[in-house]
Amino acid sequence: MHINSKVIKASFAALALTFASGAQAQLNIFACEPEYAALAQELAPDAKIYSATTAMQDPHQVQARPSLIAKMRQADLAICAGADLEVGWLPMLQMKSSNAKVRSTEQGLFFAAEHIDTLDRLASVDRSMGDVHAKGNPHLHFDPDRLLQVAQALTVKLVQLDPDSKGKYDAALADFSQRWQVAIAEWQQLAKPLKGKKVIAYHSSFRYLFNWIGMEQVGDLEPKPGIPPSTSHLASLQSRAQEGDVMAIIVASYQDERGAHWLGERTNLPVQVLPMSVGGNDDSEDLFSLYRSVIGLLLSLSQQ
Amino acid sequence: MTRLNTRISAVAAACALVSHVSFAEDSSLTNPAISAVLDGYYQNTERPMAEREEGFGLGHTEVAISANIDDMFYGKLTAVLEVHEGETELGLEEAFIQTTAMPAGFSVRAGRFLSDVGYLNNQHVHTDAFSDRPAAYRAFLGSHYFDDGVRLDYVAPTDLFWAMGIEAFKGDSMRAEDEHGERDFTNLGVYTAYTKIGGDIGVSSSWQVGLSYLRNENGRLTAHEEHGIEPAADDGHDHDHAHAAKYTGENTYVADFVYKWAPNGNYKYQHLTVSGEYFKVTDFAPLDEHDDGHLHGNEHEPDDQTGWYLSSVYQISPNWSAGLRYGQVNTQELHDDHFDSQKLKETEVSLAWHHSHFSTVRLQYTNQQGTNFDGFTDDNIITLQYVMTLGAHGAHQF
């Protein structure tokens, strides 16, 4: 009986492999956030790609709505940031869509955060700290080096799911890496004047960007992660801003600007909305133009 | 043997290659998702057929544990502590397993779980925007219908969301009132079938509509017997019926819809939810035993029992939300050999303060207008309630 069960397991595995490799001519990709849809577009240009959210939507709070269940039902691969960013809706989509292919990272589920070292990991998490992620900050797409690591890991995943097209995926990665590395050098040059600049920002959305550029976020509009700005907290930021070393107040494209404007008016600091992802402003059409736009907007602030 | 050995080593090699596997829920044997809901309230009086009593009280205090059991099964256990007349009762609201790896969009759920009929029924009560379920739910489903049974669900591979399913349940809590305790009820009492369709309108709006049918083999009232003892008019404190449907019938039809809107589809700050359901319960009049399956006294055949509600909840800011709900239910109460028509109308306003995603304090006002309803006329109800969740916070349904 023991032998039989092994044989059955092996043949099931073989069957699963056959399905995974042969059945889909065109890979169907479900991206949790637009930055991963854009990355998939670079690495698997022939795939059918759907982004569950836009740069105007907070990915912490997404409804597990019918259209997303329907899209996930058909997906071969789901690409998400991970580090619990989507914990409020992705498990429900998986449960409701009954698609075994995207259940686990062994198969067609890919978490970007698992392939890099996230910033700000926490040994222990308590709700009194706000809505924090023990696995670190999930907004990692604003670190170009880390994103390149994610691109490499994603290509391995694409090849695993669609081995027949390995050549195409390898070529796409080589092409992307080459263009990306050239761009990184350009951006580094461009962002040099931003080094050491201090900002107040909403949430830790741009943690990786500031870390990479060498900027410092000296205040958070949120009193605690996930808790909206309160008057008393904004007042404390006002006294921090009066020290005179803060360049601007930064808000992401899906965040409420009211708290920022309240503080901006009282401190004479400019308020700048940055695109959180591709589609977050008119200039951000892909990952390259997103980075260019964000760095350009920050530079214009530093020149004021 | 050699073939077997190679297979084993292949498995071992595969295990070695896979450094770690994670599921979205990320709860494993050592780390299942454990959560608790605390619900306490003060209420100046009671709503008919509702679980909350007058004065200070605890609502649904629940503890839930869930995790992927392995790569094929997911399991969840929800224990509910309720206090009725000073006694604490432990109930199991959910104890189910669900397949996660069936092909072609199928899934099976077995054990004790919330039926997928209607819109609200499969949602946990602590996610509601009002302190009690609409009157139609309280009358026809015992607030929320969970039971022991099995479900087969299918999701179609279409861009328009289309799901359908069938369920079979024991149906104990859906049995018609049996005043003498002599009736021979069917053990497999309830069957349901449902379908749901949904999608988006642009980036800001989403919708879902559903149709459900519930067949209740034990839903028809027991034929009246001479010299039968009328049950007391007030059944609100009946222990055995804490979760039982008060008004049943053999056939229940439910139509539901929900529409949600948020600016740019961003639910963080403002969003609107409009939902409504319509219930129709038929075939509840006892059959005349002397007349082989014909309704007795055709001229007295009662109207179908119906109920509906329309609810609108607006989140003004992450800290505040307000809701308005109107609902009514028309039921038929059997008295001796005839039915008395009853009506209950509820107009409700709620205002909730949310310090975070996990804590809610709600003030609700309900105006009830009853016609012959359990001897109840009209009343104004004020409820002050908190609902807070601890621990792992599961994902919400649409």
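Are H5(A) and H6(A) roughly parallel or roughly antiparallel to each other? Please go on from there to the elements around them.

Analyst: This is a predicted model, in which local features need pLDDT of at least 70 and side-chain atom pairs count only at pLDDT 80 or more, while totals for chains, interfaces and linings use all residues. Residues are numbered from 1 along each chain as its sequence is written, and chains are lettered from A and ligands numbered from 1 in the order in which they are written.

H5(A) and H6(A) are roughly antiparallel (an angle over 145 degrees; under 35 degrees would count as roughly parallel). Helices here are DSSP runs of H or I with at least four residues, strands are runs of E with at least two, and both are numbered from the N terminus. The axes of helix H5 (residues 144–161) and helix H6 (residues 166–190) of chain A come within 10 Å and cross at roughly 175°. Axes are lines fitted to C-alpha atoms, for helices over the stretch in contact, and angles run from 0 to 180 degrees between N-to-C directions.

From H5(A), the residues in contact include Leu148(A), Ala151(A), Thr155(A) and Leu158(A); from H6(A), they include Tyr169(A), Leu173(A), Phe176(A), Trp180(A) and Trp187(A). Contact means that the C-beta atoms, placed from the backbone, lie within 7 Å. By class, this contact has 11 nonpolar, 3 polar and 1 charged residues. Nonpolar covers Ala, Val, Leu, Ile, Met, Phe, Trp, Tyr, Cys and Pro; charged covers Asp, Glu, Lys and Arg; the others, Gly among them, are polar.

H6(A) also packs with helix H10 (residues 287–302) of chain A, at an angle of about 5° and with the axes 11 Å apart. That angle makes H6(A) roughly parallel to H10(A). Here Ala183(A), Trp187(A) and Leu190(A) of H6(A) meet Phe288(A), Tyr291(A) and Ile295(A) of H10(A). The contact has 6 nonpolar, no polar and no charged residues. Trp187(A) takes part in the contact with H5(A) and in that with H10(A).

Next come the sheets. One open sheet of chain A has 4 strands in the order E2-E1-E3-E4, paired in parallel. Two strands pair if DSSP finds at least two bridges between them. Its edge strands are E2 (48–51) and E4 (109–111), each pairing on one side only. Between strand E1 (residues 28–31) and E2(A) there are 4 bridges, and Phe30(A) has Tyr50(A) as its bridge partner in E2(A). Helix H2 (residues 34–43) of chain A packs on this sheet, touching E1, E2 and E3, and its direction makes about 165° with that of E2(A).

The other open sheet described here has 4 strands of chain A in the order E6-E5-E7-E8, again with parallel pairing. E6 (216–220) and E8 (271–274) stand at the edges with a single partner strand each, so one side of each has no neighbour in the sheet. Neighbouring strands are turned by 35° against each other on average, direction ignored. Strand E7 (residues 246–252) is joined to E8(A) by 4 bridges, and Ile250(A) stands opposite Gln272(A) in E8(A). Helix H8 (residues 231–241) packs on this sheet against E5, E6 and E7 of chain A, at about 145° to E6(A). Helix H9 (residues 258–267) lies across E7 and E8 of chain A, running at about 165° to E7(A).

How values were computed:
Parallel < 35°, antiparallel > 145°, perpendicular 65-115°, else oblique. Contact = placed C-beta atoms within 7 Å.
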